[in-house]
2 protein chains.
Amino acid sequence: MAQEIESLAERLATLMQRGLVEEAMNLIASTHPADQADVFTNLQSELRPTFFALLSAEGQAELIEYLDEEDRRELVKEIPRDSLARVLDKTANDVAADILRELPPSETARLLSTMASAADVTPLLDHADETAGGLMTRSFVPLHQEMTVQEAINYLRLRRPWAEEAYYLYVLDNLNRLEGVVNLRSLITVPPDTRIAQIMSPDVIAISADADQEEAARLIQRYRLRALPVVDEDRHLLGVTTVDDLMEVAEEEATEDMQRMVGLPGDESFDSPLMVSARRRISWLLVNLPTAFIAAAMVNFFEGTIARAAVLAVFMPIIAGQGGNAGVQTLTLVVRGLALREVELKDVRPILTRELAIALMKGITLGLIVGFSAWAWKHNVALGLIAGTAMLANMMVAGLVGTLVPIVLRWLRLDPAIASGIFVTAFTDMLGFLMFLGLATIFLSQIT
Amino acid sequence: MAQEIESLAERLATLMQRGLVEEAMNLIASTHPADQADVFTNLQSELRPTFFALLSAEGQAELIEYLDEEDRRELVKEIPRDSLARVLDKTANDVAADILRELPPSETARLLSTMASAADVTPLLDHADETAGGLMTRSFVPLHQEMTVQEAINYLRLRRPWAEEAYYLYVLDNLNRLEGVVNLRSLITVPPDTRIAQIMSPDVIAISADADQEEAARLIQRYRLRALPVVDEDRHLLGVTTVDDLMEVAEEEATEDMQRMVGLPGDESFDSPLMVSARRRISWLLVNLPTAFIAAAMVNFFEGTIARAAVLAVFMPIIAGQGGNAGVQTLTLVVRGLALREVELKDVRPILTRELAIALMKGITLGLIVGFSAWAWKHNVALGLIAGTAMLANMMVAGLVGTLVPIVLRWLRLDPAIASGIFVTAFTDMLGFLMFLGLATIFLSQIT
């Protein structure tokens, strides 16, 4: 795929540089807009405006819909303001609103004053980007209960250009409140004189405009919908979000979780500017540094013990490291369970019980292995007993903090993924050292 | 949500235990099948067969479609074989095939012999569960180029019960090869005597039946489709996969990646049997144990140095730990980038350059902080220089192995997520200790 895109971009660049406009246009026309967007990204930036100019207004709108945010922002800067209004008229409402939201208010106002779709786009500007309202479009087809199926079909024919998303048709009352939903398919499969009231389903699953986009993704997935109507508190229909927008949301949220657990911002990619990436990642490591120094201070406290039995330093990484690995296993399960709504705050007790039971089994197994290994390697029974006991105890710490850290973060209404990996390994490091070196200090005469 | 489900399950259990069948049936009937599935999971296992018996055959089929795999498997065991055939007839083909695939072959054959949908389900049995073929259903409506729109609509009315997924209509030639696609909406919005050939789009994006389900999810997301036709090597239409099935795939794959990075099996949940979970997680820690012992052996090699300068043990966790954190940051970005196809094997060089540049900045910053802290804390310039240099060097190791480990795994055609967290921290531990203690041994006289 990537290779085809690159060769396409090269051929296109050659055509454009040679001024072979018609050939270039033909090549673009035979390419899906999703691929056009990738070709666009692959072009040198000085060729991009030429590429864009070769598209029809519809084609330009489609390209804009498929571009990622960064490229879109760059491109919008280059488009003359009068053609921008025309392109935004053809662009999906939600994308047009995303673009307008990022422009200075005066410019937005000027653009809206010349846009035919201003009435549809303007209400969307009030909703934040990551809410259900920020994802919706106004391209829905409203029906009324008293209409016949034939009237509905005629109305649909009339509204044709705006019916892009008409998989479901929403039935509204005279105040535009959502009363029911009709499947497009059922319009075709019933006699034309049937009333809409007879074929509509009155139980419409809808979402409030200010709900998080993740909640919208959850609903659409749970109830296997193609589209989800967005309503205000009085159930007035404000717009519709569709499954294709929300599919990206599910993936974005998963990426965000993974990144945040290791102290990345959540939307970091290899396209992010180098200095921005470096600064964010370094600041994260700096946040983590105090916890590392606390672990170091713990070791420092036992420096005298280590000076008399340097062999202890050999087993420190095993006890801390295995504890950290075990803690991160539990953590990952709990963070992901919270994100997918499989785990809730009230489930703390059964989950903690379960994780501690598993931790005990982990601890006994690894404690025995590490203990016997230490005994066999260093011919020292006491060292084996101490290392094995500390390993067992640190596994219990791992199960405990791996479960509690994300749950406490959620309880504090913070993102359970944020920083949690660091907290958990900080605990397993500190407590692992404390228990191992503490035991060793007590039984120092047996080791040396 | 979870609370509503629980109270619903309780009310239903009471009704069933009191034998109030009609009330129970009314309560179930007013519940969405997705919620029914959750209620079912919340019921004590002895009440589940009663609940199931209260549903119509269609209701039973819908419930089965919404249950998760584990509950579905349990339930199927309880259903008498003659009613199972009737339920599977009503169930989506792909789910029916999933269920039949898990039964003994003789039982599958017996069930299929009495199923009306056997002709649709049988071909699906040949496809593995996690391929595009394993996700498809046969419920598509085939059209021909010479049909008029009116004929197509009549045909659709005729096929009504099977047209569940008819958002796109596929145009086939006489050998059932895919020639084009028609949007359901366009049937309504053109004159009835238009030929299908005139409104079909000949560029159909399709997927091969043996392609991975992740690839299907990628295509449906990239091209923003509602459904994706599945074809064999000669482009015969075999079935259709839909966006709702694939939305779950995207989320499953993300969960799998997250789990595998920390040594979980990929489909672990809090519902997995305790002993199975414990065994899997322990075996993972055991796999990791040798790497921990190698790091320990590295420290052991320098035991003499530590015996003379126990202060070194204090800084070991900082240098190894921060290196591990930095490595896992890079790793997460690369693993996720590979999964989302944003990174490919040929991108090794730019990504490695970028990550090493960031690693250098991380290294300089943290090296200076750790170095000066060590100097200030222990009043020892040499110790500060050694700790700072080792910190810098370990950051470079982290950037290198964080990038290369997943890329080498992908190059070996393994899952880049598997075990990668362990490998990366094993490297940062081992090389961190080697560099820090090695330098300390060389300059030992300056430290003590």
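Visitor: How many salt bridges does the rule find across the interface of chain B and chain A?
Guide: There are 10 salt bridges across that interface. Do keep in mind that this is a predicted model.

Visitor: Noted! Which side chain does A:Arg222 meet in a salt bridge?
Guide: The partner of A:Arg222 is B:Asp35, at 2.6 Å from N to O.

Visitor: And how many residue pairs are in polar contact between chain B and chain A?
Guide: The count is 28 residue pairs, with both residues at pLDDT 80 or more. As for the classes, the side of chain B that touches chain A has 68 nonpolar, 19 polar and 27 charged residues.

Visitor: How many residues does the contact take from each chain?
Guide: It takes 114 residues from chain A and 114 residues from chain B. The two chains bury about 10,800 Å² between them, and 66% of that is on carbon and sulfur atoms.

Visitor: Which three residues supply more of the area that chain B buries than any other three?
Guide: Those are B:Arg224, B:Met247 and B:Phe270, which supply 8% of the area chain B buries against chain A.

Visitor: Why do you say the copies meet through the same surface?
Guide: Because 100% of the interface residues of chain B are also interface residues in chain A.

Visitor: Nice. Changing topic: what is the strand order in the open sheet of chain A that starts with β1?
Guide: The order is β1-β2-β3, with mixed pairing. At the edges are β1 (142–143) and β3 (178–183) of chain A, each pairing on one side only.

Visitor: In which sense do β2 and β3 of chain A pair, parallel or antiparallel?
Guide: Antiparallel, over 5 bridges, with β2 of chain A spanning residues 168–172. Within that part of the sheet, A:Tyr170 has A:Val181 in β3(A) as its bridge partner.

Visitor: How about chain B, what is the order of the open sheet with β4 in it?
Guide: That one runs β4-β5-β6, and the pairing is mixed. β4 (207–208) and β6 (237–242) of chain B each have a single partner strand, so one side of each is left without a neighbour in the sheet.

Visitor: And how many bridges join β4(B) to β5 of chain B?
Guide: There are 2 bridges, and the strands run parallel; β5 of chain B covers residues 227–231. Opposite B:Ile207 you will find B:Val230 in β5(B).

Visitor: Back to salt bridges: how many does the structure hold over all chains?
Guide: Over all chains the structure holds 35. One of them joins the side chains of A:Glu58 and A:Lys90, at 3.2 Å from N to O. A:Glu58 lies in α5 (residues 57–66) and A:Lys90 in α7 (residues 81–90) of chain A, so the pair ties together parts that are 32 residues apart in sequence.

Visitor: Last one, on the backbone: what is the phi of A:Arg224?
Guide: It is positive, about 50°, although A:Arg224 is not a glycine. Most residues other than glycine have a negative phi. A:Arg224 sits in the loop between α15 (213–222) and β5 (227–231) of chain A.

Visitor: And where does A:Arg413 lie?
Guide: A:Arg413 is in the loop between α21 (381–411) and α22 (420–442) of chain A. A:Arg413 has a positive phi too, about 60°.

Technical notes
Residues are numbered from 1 along each chain as its sequence is written. Chains are lettered from A and ligands numbered from 1 in the order in which they are written. This is a predicted model: local features need pLDDT of at least 70, side-chain atom pairs count only at pLDDT 80 or more; totals for chains, interfaces and linings use all residues. Side-chain values use heavy atoms; hydrogens and water are left out. Contact means heavy atoms within 4.5 Å. Buried area is the accessible area (1.4 Å probe) that two parts lose on being put together, summed over both. A salt bridge is a side-chain nitrogen of Lys or Arg within 4 Å of a carboxyl oxygen of Asp or Glu. A polar contact is a pair of N or O atoms within 3.5 Å; within protein, one must be able to donate a hydrogen and the other to accept it, and residues adjacent in sequence count only if both atoms are side-chain atoms. Ala, Val, Leu, Ile, Met, Phe, Trp, Tyr, Cys and Pro count as nonpolar, Asp, Glu, Lys and Arg as charged, and the others, Gly among them, as polar. Two strands pair if DSSP finds at least two bridges between them. Helices (H or I, at least four residues) and strands (E, at least two) are DSSP runs, numbered from the N terminus.
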